[in-house]
Each structure stands twice: as structure tokens, then as C-alpha cells.
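Hi,

Here is the structure I promised to pass on.

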2 protein chains.
Amino acid sequence: MVVELISVGTELLLGNIVNTNAAYLSEKCAELGLSLYYQTVVGDNQERLDETLKLALGRSDVVILGGGLGPTQDDLTKEAAARTLGKQLVEDAHTRRRIEGWFQTRGITEITENNWKQALVPEGAVVVDNDNGTAPGLILEDNGKTVILLPGPPGEMKPMFEKDIFPYLNKKQPEIIVSETIKICGMGESRVESMIEDLIQAQSNPTIATYAKIGEVHLRLTAKAENETAARKLMKPVIRELKVRFGGHIYTTDDAVTLEEAVVQLLKEQELTLTTVESCTGGLFTGRLVNVQGASEVLKQGFITYSNKAKRKLIGVKKLTLKEFGAVSSKTAKEMAKGAILTTGSDVAVSITGIAGPDGGTDEKPVGLVYIGVSVKGNMRVEEYHFTGNRMKIRESAVVAALTLLRTSILETIKF
Amino acid sequence: MVVELISVGTELLLGNIVNTNAAYLSEKCAELGLSLYYQTVVGDNQERLDETLKLALGRSDVVILGGGLGPTQDDLTKEAAARTLGKQLVEDAHTRRRIEGWFQTRGITEITENNWKQALVPEGAVVVDNDNGTAPGLILEDNGKTVILLPGPPGEMKPMFEKDIFPYLNKKQPEIIVSETIKICGMGESRVESMIEDLIQAQSNPTIATYAKIGEVHLRLTAKAENETAARKLMKPVIRELKVRFGGHIYTTDDAVTLEEAVVQLLKEQELTLTTVESCTGGLFTGRLVNVQGASEVLKQGFITYSNKAKRKLIGVKKLTLKEFGAVSSKTAKEMAKGAILTTGSDVAVSITGIAGPDGGTDEKPVGLVYIGVSVKGNMRVEEYHFTGNRMKIRESAVVAALTLLRTSILETIKF
């Protein structure tokens, strides 16, 4: 089955936004085992949109169009699809009710007329509910061809694709595709790859792909089979083997769980309270933990001790330590974590101090040098890191390293 | 002049990488005042590449192809261009010497045979030196059409485009293009647009475009003229008018300056030190300020007072205040900022407390309710906000609102 993507939006042609939707949809199509030969971007222009859609329908079985479903006159995608397939636009009562409900929940009683344009659908189209906006997705089947219309905003498109479009396309295939993700922290990509070289070379079904994020590596297994049970059965021995090889470095096998969620969950399970003390990351680490809903159960407070004075006054780092070893030192990281425990009485403390650059580095203490301290129920551990990249990259690397060290330290404490 | 982009690379069709090159090149074309109607991505496949190039040459004056210039058998772009325009590939002596030099500088003496493929160019092509790799860029002019070939890696393509291709295209144009950006905070997009409706309707040269970010609106003016001086002259009265209309809401007219940079700069100029106290944003606000190099000059420390106990113990919010008004209240925001000043002796304090959701909202205090307090040299101000969106969006909106309120409060204090 050959699929093709068309992204609609003048803002893409002006370079105002990067087409991350195309990358996302292409990745999903590859996962589904679909052949994708073309991606096209076209503006909010009727003639060029019609022409592009016709060309695509001539050479592909499935055409996915993204964008141009909104309420303004610039939004032309639905009209182009209806025109090209020779369908009338008719009002969908279900969608009209959903649009009404959407505005009601937001306390808006006067709905401007142009919004009702979003309730018009080509006759015979399957309507796909949009849980994060007002424009529904649409699936049109005609003469052996399929046209799928998706909203442009990633926050609307992605959940809709995951929930409804992916299963729809998967069902159209003779064999279905099932994926599992194994998320690894505390190991670089090249080390992970060298540890599974033999598995990657021998792979056919399931396949294994590695994806590197800052401080993390994700392994994605994909199996093809007649049904889900058969696909999962194919993956089972490979997953078992990966668990043996990576052990505690695997923080989750659930694609939806982030590293900060895994860490907050671990703190909750162990009924541990946390205090943070950040210097070079300046709140980013705590901010990341607070992304997790319910983080307040474990995180009670944090200190951003950016200056030396703040390190002394707020959490009692010794003047002599700062003078002899410097603010960026193992000793200071240790006293920061210790001070946080003494000041607040929490079970766990994490401290981060480093040189994010671009200034402030020396031969002895170069830009990218970071110390992270973790104290769990009295067990203290301080690690030294050397990160590369710009100021932001170094700070983000430090945040992920701190999450990883915190997780490891808790797991070690549980063991004893 | 109509221009079109073709990105060549199977890795784009698999979604392994995001097509940032297309966004970059599109933005540059817009800057140049070129009309760009299509972007296409096609894989490393001879037939489909030929077909795509032919289609593009039929409808555009200039076709820019990116990628597929490397030394491997998969790299087919040069061959496709030569074939389509009916040119022979001939070895370019200058490029051969540059490739030799490239490897020599890197201490590589044995150059594998396939590398010489990169010295082959279509006869009559203008060779554009690649300062960051071995594959040169190429410009082909034929029958009133122009084909430009660029290497795929952004680190090679961008410097080459800036240095040689941009001036080449600008020279092809009868008029050049100059842009200026005006950045506005503390006003929504629709309000900004309604305030310049007359200017937008009357616009021709310069044009005005609005771009909305979370909590910010950017106005981009673009003028077309014979030379830069003439273009800037055209923009001058419009910029003056915009400054009158938006006054203190304009935080910069420098495209490179971010809101946090403008705020840190203002604090530095006024020699003010800052302490932050964050609840629902949990460090994000301070983390954003610390993005700015040299933030340590003004930011000495921050408190993340996530729990009620932390609000009381660390910065002295009264128990009675929390009990009577709640943690998310104007009174608590005020005491947080006041407590920060008393505890640390800094000149300025910013406090943020709110309900980021998705849980924790009530009829009286819904999700999205945020109070921000700012104290500047004893002048206290607390504002109430109602943000929408998910947990992350609400927290990011609060961060930008806090930056804006901090900026406004300092500017007001200076006035008196």
C-alpha cells in the first residue's frame, strides 16, 4: 500500500514553522509498514491544492492531508477533497453538537458564524472526533483510494492519529504491526548499540530501532503478524533478552511514561519526600519534575542557589568549602544536598552545580563540568560529569543526568 | 520569480529526521521576496527524482534541490539534474583539488575512489565551494530556468547558502528585501491585530505580518527597494507609528533578543537583584531567566515553595493567610514576594502561585487561575490571570506573564 503526505499551510512555505507533522506521520507510516514516496507542502491556495491532490491520488493509494481544516476562509482542504472526489459538503449534526459543547465548556456562549464551517463534511465521510480542538478529522474512501484529512496543530493531530487513524490504517494492511518501546537511561547510544549489535544484525521480525534523546536511548521493537497476540509472542523472547542485557538501566517499557514520571512514581512508591538545590540548572530540574501531575505528593520545595551567598545562607554550604574547592566542586555538591536535608527534613535531596558556559570555564574546570549530589535516607553520592554543547544543551544534559542518578540512588538504597 | 524546493533523502520519508532545511530555505526565500508555492520531499530513487524535478521545472523558475550530493551510490541528485537538462557530467579540476586538500588537512592520505564522484559536475555549471564538507554546491542555468543543488547536512548547506546562494538570488531580483522585527509582550494577538487593522489593510511596501507566541506577538516588517538604505527609509515611518501605538509593550526591535534577555538586561541596567518564589511553575520561571548568559549578575537565588509548609517555613507566608485565602490567592502571592525580599534582602522579588491542573480546580478557583506578585524596591503589585490549555501550557503562559509583569513593574518604578 503506497501512502503520500500533503501538508497544507502558507506558514510552512514561508518557513515560519518547521514541518514536524510530516516527520511524525512518516515515522508512523514506516512503523505501519506502508511505502511513502512523497511528502508535499502546498499553500492555502485552491488551484495548487487541487492540482497537488490530483497528482497524489494518481500515484498513491492513501493520501493524508494535514492542515487547512479551521474556520477561516483560508482553510480550503475539505473543500478541495470534496471537489476532487465529486462529493457535496453537508452539515454533520454530531460535529455541530461537539463544537457547541467545546465552546460551552470554555464559557463561550456566542459562537461566531464561521465556526459552523467546521461542521460541514463531504457526504459519506467518516468523521473522526477531535478531542483537542473544534475541527474533526475525516476519512474518505472512493474508488479504491483513501483520503484522510487531519487538523494542522500537532496537539490536535497527534492524539487523533494515535487513537483513530493508526488503528484504521493498521486494519487495512494484510498483516498488522505492533510496537513496544524500551526506555534506557544512564547509557550512551553507541554503548547501547554495541550491546545489541548481534540482535540488530539478526533482526527480521521483530525489528529493533534505536532513538537517542538527551541522556536517554529508546529501543523500539516492531513485529508484524496476523494479529496482536501473534505479534506480541514474536517480541516476547527479544524483550526478555533486552531486559537481561540492560537490567536496571531500563526505566520503563511503557511508551507513554517519561523519565520524570518514572522517577516521581518511584519516590511515591517508596514514600520519599524530595528537596532540590540547583545552581547552573537554575530551576530546570525541579520544573521538569513538576511537569508530572501529582508531583506535589513528593516534591515539597526547592532552592535555586545561584550565588555563593545563597549557597551559604539558604542551605549552609561552608564558606571555607566555597573558598577552597569552589562553587563547582564535589564537596560543594555534597554540602548542598546535605544542607537541603538538614534545612527541610526531607528524605531525599538532589543538588546540581556546574559551568553551563559559554563563559566561566578554566583549564581545570572547563565549560560542561557538572557535579550532581544525591542523598537518599542518609546515603550520599556525588558524581562528576562532562557535558558538551551550548549552554542550553549542557543544562538539559545535567537535568537528565540528575533524574538518572536520583533513580539509581533510590534503587540502590532499596536493595540494602 | 517563482522558486520551488525539493529535498532528497529516504531518511526524511522514514521520519528519521525533521526537514529543518526546508523551513530555513523557505524563510530565506520569503526574505528575498521570492514566491514559493511547493516543497517536495522525495527519496533516493532515480525515477521518482527525475519525475519530481521535471514537474518542478515546468511550474517554477528556480528549483532548489537539497541532499543527494554525497559520494555513495545512493546519491543521485547531480545525475538527475544533468539528465533532465541534457548535460554531460565532467570532472571539475578545482573541485578535485579541494577534495584532496580537505582529506589532507584531516591527515587522510588514501582517498577512496568513490569520493571523486563529488568532483563531477554537469557541464556549464557554476561550482559553489563547500567550506564545511567535500560535495560542492552547483548552479545550473538553462533555457531561462535555474537549478541549484545544495548539500544535505545543515552545517554545510546553511553557510553555503548565506555566503553564495543568497547574494546570487538577491542579484537576480530587480529589488532587494529588508526585514525588521518588533516584539510585543503583554497583549494578545487579536488585540494587536485590531490595533493595526488600518495599517495592515493599507500595507503594500513595507508589509506587516504578525506571529503569535505564548504570551508574545511579533510584528515582522518587510520592505522591497533598490537598496538597503531605500528599504529602511520605507520602513521608518511605519516603525515610528508602531512605536507610538504599542509604546512600552514593545520589549525589543532586535530579532535576536528574547523576552528573558530583555528582562535580564533591564535588571542589569537598573542594578537590581532578583529573588524568585515559584509554586505551580516549579522552577520554570527561574530556569528561563538562567537561559540568559550572565543572569548570575542579577539573579542570586530562588525558592520553589511547592507545599504550604515550604511557603510558611522558607519565606514566611502566614498560616492564617493560607488557611483563610488558600495557597492560590492574591494575598499568598503578595506574602511570597514580600517574604522573599525580607529573607534575602534583594531589590526585586517575583512570586507565582496557581493551579496548573489537570486536578485541583474548583468552581471558585478553576484550573488555569494564577496569581503573580512583583515587588520592586518596595512597590508591590499582584495580578490575577486565567490561562487555558494543558498543564504545560498553563505553566508556560504563567512564566511569560511573570516576565512581562516584572518588566512592566520595573519600568513603572523607574518612572516615579
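Predicted model: local features only at pLDDT ≥ 70, side-chain atom pairs only at ≥ 80, totals over all residues.

Four strands of chain B form an open sheet in the order S10-S11-S9-S12, with antiparallel pairing. Strands S10 (207-213) and S12 (250-252) of chain B are at the edges; each has a single partner strand, so one side of each has no neighbour in the sheet. On average, neighbouring strands here are turned by 35 degrees against each other, if you ignore direction.

Next, the place where the two chains meet. Chain A gives 51 residues to the contact, and chain B gives 51 residues. On the chain A side, the elements that supply two or more residues are helix H2 (20-31), strand S2 (35-42), helix H11 (284-290), strand S14 (299-305), helix H12 (308-315) and helix H15 (391-415). By residue type, that side of chain A splits into 24 nonpolar, 21 polar and six charged.

Now for chain A and its domains. The domain assignment divides chain A into domain 1 (2-172), domain 2 (176-252) and domain 3 (259-415). The centres of domain 1 and domain 2 of chain A, taken over C-alpha atoms, are 33 Å apart. What does the contact between these two take from each? Four residues come from domain 1 of chain A and five residues from domain 2 of chain A. The domain 1 side of that contact consists of one nonpolar, two polar and one charged residue.

First, helix H4 of chain A (residues 77-85). Its buried residues are A:Thr77, A:Lys78, A:Ala80, A:Ala81, A:Ala82 and A:Thr84. After H4(A) comes A:Gly86, with a positive phi near 65 degrees.

Then there is A:Lys334, which lies in helix H14 (residues 330-344) of chain A. Is A:Lys334 buried or exposed? A:Lys334 counts as buried because 20 other C-beta atoms lie within 10 Å, and the cut-off for buried is 20 or more. Setting aside neighbours within four places in sequence, A:Lys334 is in contact with A:Gly373, A:Met380 and A:Val382. A:Ser375 is 41 residues away from A:Lys334 along the chain, and their C-alpha atoms are separated by 8.4 Å.

Last, A:Gly124, in the loop between strands S5 (120-122) and S6 (126-128) of chain A. With 13 other C-beta atoms within 10 Å, A:Gly124 is partly exposed. A:Gly124 and A:Lys145 are 21 residues apart in sequence, with 14 Å between their C-alpha atoms.

Cheers

Key
Residues numbered from 1 in each chain as written. Chains lettered and ligands numbered in written order. Buried ≥ 20, exposed ≤ 12 C-beta atoms within 10 Å, placed from the backbone. Pairing = 2+ DSSP bridges. Axes fitted to C-alpha atoms, helices over the stretch in contact; angles between N-to-C directions. Contact = placed C-beta atoms within 7 Å. Nonpolar A, V, L, I, M, F, W, Y, C, P; charged D, E, K, R; others polar. Domains from an automatic or database assignment.
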